[in-house]
Amino acid sequence: MPSNTRVRLRRIWCATVAALIVGVASVAPAAAAPGDGLTTLDWRQLGMGNSVTFDSADVPVGVSVPVPEGMSPTRLSGVVASATNVSDAFIQVARSDGTIVGTVVVPRFGPRQLSTPFSVPLAAVPVGDNGRADLRMTLRNGTGDSVCGPIPDVSLTGLNVAYAGVASSPRTIQDFFGTVVGGVTIVTPENPSVAVAQATLGAVAAITDHYRPQRVSIDVIESTGEGVPSPGGPLQRTILIREEDGPGGARLDRAGQPSAALVISGDADSLPDQVALFRDGLTDLAQTSSAAVESVSDREIQGSDSVTFGEFSDRLSTEVLGITTLVPGFDPTMLSLGRPGMVNVHLLARYTPVRDDERANVMAVSGGEILHTSALNASGTLDTQFTIPAAQVAANEPLEFRISYEPGPGACSPRSVPLSFQIDPSSTASSSTTPVRMGGFSSIPLGWQPTVQVALDNTNPAQLDAAAELIASVQRSSATALAPVLVPLDQAIASNTGALVVASAENARALNPPINTEDSSTLVDLAAQIRLAIPDGLGTIQAFAQNSRTVVLVSTSGSWDLVDPLFAYLDDQQGDLANLRGDVLVAGRAGQTELLTIRADGPRAQVDQVGTSWLMWLGISIAVVAVAVLVAVGITVYRRRSDEPSDGADTP
């Protein structure tokens with residue numbers, strides 16, 4: 001979070017830019033290579049992960065590259081980072097119709113060969129109507145036995161795509177959020193009202209969800225200017241959010257020009273509703289330069305109790321000769337959660353029948369734990385069930401299926417046919433209610449479903465920007481659109497709904513975070529609580545369980561510039577908050593960021609504590625039994641004495 005000085009500088013900058021007709025280009029994620037007139041975007045910004053891995057030969061790996069409107073891909077480049085169990089190998093890069101456009105030579109790795117850069121031309125690859133260029137990449141293993149020998153493993157990293165041309169300027173609201181956007185700047189008035197802040201947070205969540213898994217940088221700044229600041233480049237977008245009298249709406253100013261900007265306005269009641277236009281793909285209906293949301297009904301709880309595998313992703317089939325991993329894209333945020341629990345999976349699949357002299361099985365794995373193993377047989381069908389533990393569901397651990405196939409003895413040859421395995425899209429994943437303690441960073445985004453409350457104590461003018469940055473970070477980890485709701489700090493503290501709180505340590509003390517304050521001391525909630533004296537204070541981002549929900553707290557016990565290194569750390573790591581381990585991100589005056597585990601490194605299934613009350617009940621039970629035994633003995637003795645003849649009685 002910026003310091004007060006940094007905030008003032010940003011205001012001056014914004015006011016200056018607002019007076020310009022054409023903005024000065026700033027450093028952006030979309031970087032142009034010097035002198036070649038190309039725009040280069042890295043693989044991660046395009047939402048395509050960090051690498052491409054090949055774990056089998058002669059099996060194509062599909063890659064779909066997003067292309068900005070008005071541009072065309074010209075080159076794919078990167079680094080061959082590692083290669084094992086291959087010999088004289090290369091990777092063919094082809095169009096979707098099979099036409100080869102280039103090859104990547106796989107080097108022989110040794111002590112002096114650590115990695116090799118490569119470049120493949122893409123000018124001959126067409127861009128589809130969906131704004132993407134589809135590629136097929138296939139590992140060819142030259143003289144090595146890729147069928148019966150060890151499993152090959154080749155990894156490409158440092159991937160990026162160069163584009164030629166100039167990105168089209170948006171002419172309609174639909175065009176404004178094109179296939180690829182480098183960054184978005186949201187401009188609000190100084191001291192934004194509740195309506196403006198609510199609209200800003202809603203817009204951040206909607207934009208991030210729209211581009212997920214692409215990484216779109218979103219910056220919220222305050223401006224005193226009345227003009228519309230120009231974007232910093234052709235892939236940058238500017239949004240102005242204003243509270244004005246009259247009905248709400250959205251309009252595109254300077255449509256068709258490089259300086260086009262989207263203005264969202266309305267009064268206190270109608271302004272927050274305008275964000276609904278950017279949810280659920282509704283912008284496709286706004287093929288004009290202006291539109292308005294007249295009314296919005298309350299959003300229902302997201303998700304359902306059961307979802308099918310067909311809703312996860314399109315990767316439900318593979319071919320196996322050896323071992324292959326199939327990741328169907330299971331995402332528990334699609335389920336009706338609120339309080340996540342274990343997930344029951346009913347897996348249906350079809351595969352090539354396995355003969356008696358062959359071996360094949362499928363193993364379900366989540367978070368490194370083997371959940372279930374099924375042998376494949378001559379039936380060619382699989383119908384099985386298993387459970388994903390609640391803690392792994394809450395941590396959003398991926399579900400993987402490791403499938404192995406070994407032909408019969410002596411049958412393996414270059415002519416061997418791989419086993420085909422396909423998951424039935426009607427396979428289901430159903431949630432159940434199992435108590436989970438939602439502590440730690442990996443408890444989000446599930447701890448924020450379906451609604452997250454946002455509270456700011458307004459002790460620093462850049463708190464809205466900090467909240468927006470974390471909302472975007474968590475939204476990238478959630479398949480379901482977040483619904484941020486701005487609430488007063490007292491309400492967020494007392495609520496049992498997942499919350500994001502940005503407040504000073506003193507004002508957030510009631511939340512009882514892992515690192516808390518008391519008077520002038522810092523309290524660290526370890527097994528034995530430690531009280532520290534840190535004169536300059538600490539800046540923290542903490543994720544912890546409170547009131548049976550997940551709270552993320554951005555706080556400082558000193559000046560607000562102590563929080564700056566924490567957000568810089570997240571940017572440098574290019575990692576989202578939900579991917580961190582532990583529960584505290586902390587920095588002191590030296591600016592050194594540390595990731596700590598104080599209470600929990602993630603969600604944990606709750607186990608009822610036995611306590612010591614059983615001792616009292618055991619004592620009571622023993623006393624009751626003892627009394628019952630004494631009574632029984634007393635009755636028996638009495639009866640025996642009653643049956644004995646009295647003195648002087650006649651005997652037979």
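## Close-up views of a predicted protein model

Figure 1. Buried here means under 20% relative accessible area, exposed means over 50%, and partly exposed lies in between (1.4 Å probe, protein chains only). The buried residues of H5 include Leu464, Ala467, Leu470, Ile471 and Val474. What span should helix H5 (residues 463-475) have? At 1.5 Å a residue its 13 residues should span 18 Å, and the end C-alpha atoms are 18 Å apart, which agrees. The expected span is 1.5 Å times one less than the number of residues in the helix. Please keep in mind that this is a predicted model: local features need pLDDT of at least 70, side-chain atom pairs count only at pLDDT 80 or more, and totals for chains, interfaces and linings use all residues. Residues are numbered from 1 along each chain as its sequence is written, and side-chain values use heavy atoms, with hydrogens and water left out.

**Figure 2. The whole chain, before we zoom in again.** The protein chain has eight helices and 38 strands. Both are DSSP runs numbered from the N terminus: helices (H or I) have at least four residues and strands (E) at least two. Buried residues make up 48% of the 652 residues in the chain. Among contacts between residues at least 6 apart in sequence, 76% join residues at least 24 apart; a contact means heavy atoms within 4.5 Å.

**Figure 3. Two nonpolar cores.** A nonpolar core is a set of buried Ala, Val, Leu, Ile, Met, Phe, Trp, Tyr and Cys residues joined through side-chain atoms within 4.5 Å. The largest one has 66 residues, and Ile239, Leu500, Ile541 and Leu577 have the most contacts inside it. Helix H3 (residues 194-211) gives the largest share of this core, 11 residues. Apart from it lies another core, of 38 residues, among them Val354, Ala394, Leu419 and Met438. In soluble globular proteins, nonpolar side chains tend to be buried together. Which residues does leucine 500 touch, not counting those up to four places away in sequence? Its contacts include Trp448, Val452, Ala467, Leu470, Ile471 and Val554.

**Figure 4. Strand S3 and its two faces.** In a regular strand the side chains alternate between the two faces of the sheet. Four bridges join S3 to strand S10 (residues 153-165), and the two run antiparallel. Two strands pair if DSSP finds at least two bridges between them. The bridge partner of serine 51 in S10 is threonine 157.

**Figure 5. Loops on either side of S3.** Glycine 49 sits in the loop between strand S2 (39-42) and strand S3 (51-54). Glycine 49 is partly exposed, with a relative accessible area of 33%. Although glycine 49 and glutamine 214 are 165 residues apart in sequence, they are 8.9 Å apart in space, C-alpha to C-alpha. Aspartate 58 is found in the loop between S3 and strand S4 (61-66). Its phi is near 65°, a positive value in a residue other than glycine.

**Figure 6. A four-stranded open sheet.** The strands of this sheet have the order S19-S24-S21-S22, with antiparallel pairing. Which strands stand at the edges? They are S19 (322-326) and S22 (369-375), each with a single partner strand, so one side of each is left without a neighbour in the sheet. Five bridges join S19 to strand S24 (residues 399-406). Leucine 326 has phenylalanine 401 as its bridge partner in S24.

Figure 7. A cis peptide bond joins arginine 212 and proline 213, with omega about 10°. Proline 213 lies in the loop between H3 and strand S12 (217-223). The peptide bond from isoleucine 444 to proline 445 is cis too, with omega near 15°. Proline 445 is found in the loop between strand S27 (436-437) and strand S28 (451-456).
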